[in-house]
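Thank you for giving me a few minutes today. I would like to walk through one protein chain, slowly enough that everyone can follow along on the screen.

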Amino acid sequence: MNKPIVAGGHLRIRPFNTKKAYPEQNLDNDLCQAVVAGDTVYVRGQVGLNPDTNESVGIGDVAVQTEQAMANITLLLEEAGSELGHLVKLTVYLTDIRYRETVYRIIGRWTKGVHPVSTGLLVSGLARPEWVVEIDATAVIPQGRS
């Protein structure tokens, strides 16, 4: 795990550079997996990627990719001092409308009783061709935890 940093007055969780994360692409951007700004946590779009090995999982299996994305969101929220119970918004990107039921069923299991708002989008592709679902999240940190 990358050590969090403070930049611009905000906590940056799991900072990385795209040069290392996407060696096949000619990019050089400093990013992070989540930002804590005040009592709000903004989680970068999560996919079927193991956060410790940076390897894609569930290639060809939208259910496995969705489970990994939700596990990643859970982990990042916890590292930021929040949890799934404090989710405010999810944005779901699908590369095929036929994945909708599977993806939302899995998300529904992870967010049972939470009631976040959600936006779903159909896109022609994601950053890597093997990724078929991406989920970003916004949550709050309960008072007294930040």
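How many salt bridges does the count come to here? By the rule we use, the count comes to 5 salt bridges, and please keep in mind throughout that this is a predicted model.

Let me begin with Arg 14 and Glu 79, which form a salt bridge whose closest N and O atoms are 2.7 Å apart. Arg 14 lies in strand β2, residues 10–17, while Glu 79 lies in helix α2, so this pair ties together parts that are 65 residues apart in sequence. Arg 14 counts as buried because its relative accessibility is 9%, where buried means under 20%. Glu 79, with a relative accessible area of 25%, is partly exposed. If you look for Asp 52 as well, you will find that Arg 14, Asp 52 and Glu 79 are linked in a network of salt bridges.

Please turn next to Arg 98, which forms a salt bridge with Asp 96, with 2.5 Å between the closest N and O atoms. Here Arg 98 is exposed, at a relative accessible area of 69%, whereas Asp 96 counts as buried, at 16% relative accessibility.

Another salt bridge joins Arg 105 to Glu 101, and in this case the closest N and O atoms are 2.6 Å apart. These two residues are 4 residues apart in helix α3, which means that about one helical turn separates them. Arg 105 counts as exposed at 55% relative accessibility, and Glu 101 counts as exposed at 57%.

Now let us step back to the chain as a whole. It has 3 helices and 7 strands, and from the N terminus on the elements run β-β-α-β-β-α-β-α-β-β. For 146 residues a compact globule would have a radius of gyration near 15 Å, and this chain agrees, because its own value is 15 Å. Its C-alpha atoms fill a box of roughly 40 × 40 × 20 Å along the principal axes. Buried residues make up 41% of the 146 residues, and, among contacts with a separation of 6 or more, 65% are between residues 24 or more positions apart.

In soluble globular proteins, nonpolar side chains tend to be buried together. Which residues of the largest nonpolar core touch the most other members? This core has 26 residues, and those touching the most other members are Val 41, Val 43, Ile 73, Leu 77, Leu 87 and Ile 135. At least two core residues come from each of β3 (30–37), β4, α2, β5 (87–94), α3 and β7 (133–140), and α2 gives the most, with 7 residues. Apart from this core lies another one, of 5 residues, among them Tyr 22, Leu 49, Leu 126 and Trp 131.

Not counting residues up to four places away in sequence, Thr 74 touches Leu 84 and Trp 110. Thr 74 and Gly 85 are 11 residues apart in sequence, and their C-alpha atoms are 9.7 Å apart in space.

Finally, I would like to point out two residues in loops. Asn 54, which sits in the loop between β4 (40–46) and α2 (62–80), has a positive phi near 60° although it is not a glycine, and at 34% relative accessibility it counts as partly exposed. His 115 is found in the loop between α3 (100–110) and β6 (117–122). The phi of His 115 is positive too, about 60°, again in a residue that is not a glycine, and His 115 counts as exposed, at 70% relative accessibility.

Notes:
Residues numbered from 1 in each chain as written. Predicted model: local features only at pLDDT ≥ 70, side-chain atom pairs only at ≥ 80, totals over all residues. Heavy atoms only, no water. Buried < 20%, exposed > 50% of the residue type's maximum accessible area, 1.4 Å probe, protein only. Core = buried A, V, L, I, M, F, W, Y, C linked by side-chain atoms within 4.5 Å. Salt bridge = Lys/Arg side-chain N within 4 Å of Asp/Glu carboxyl O. Contact = heavy atoms within 4.5 Å. Rg over C-alpha atoms; globule rule 2.2 N^0.38 Å.
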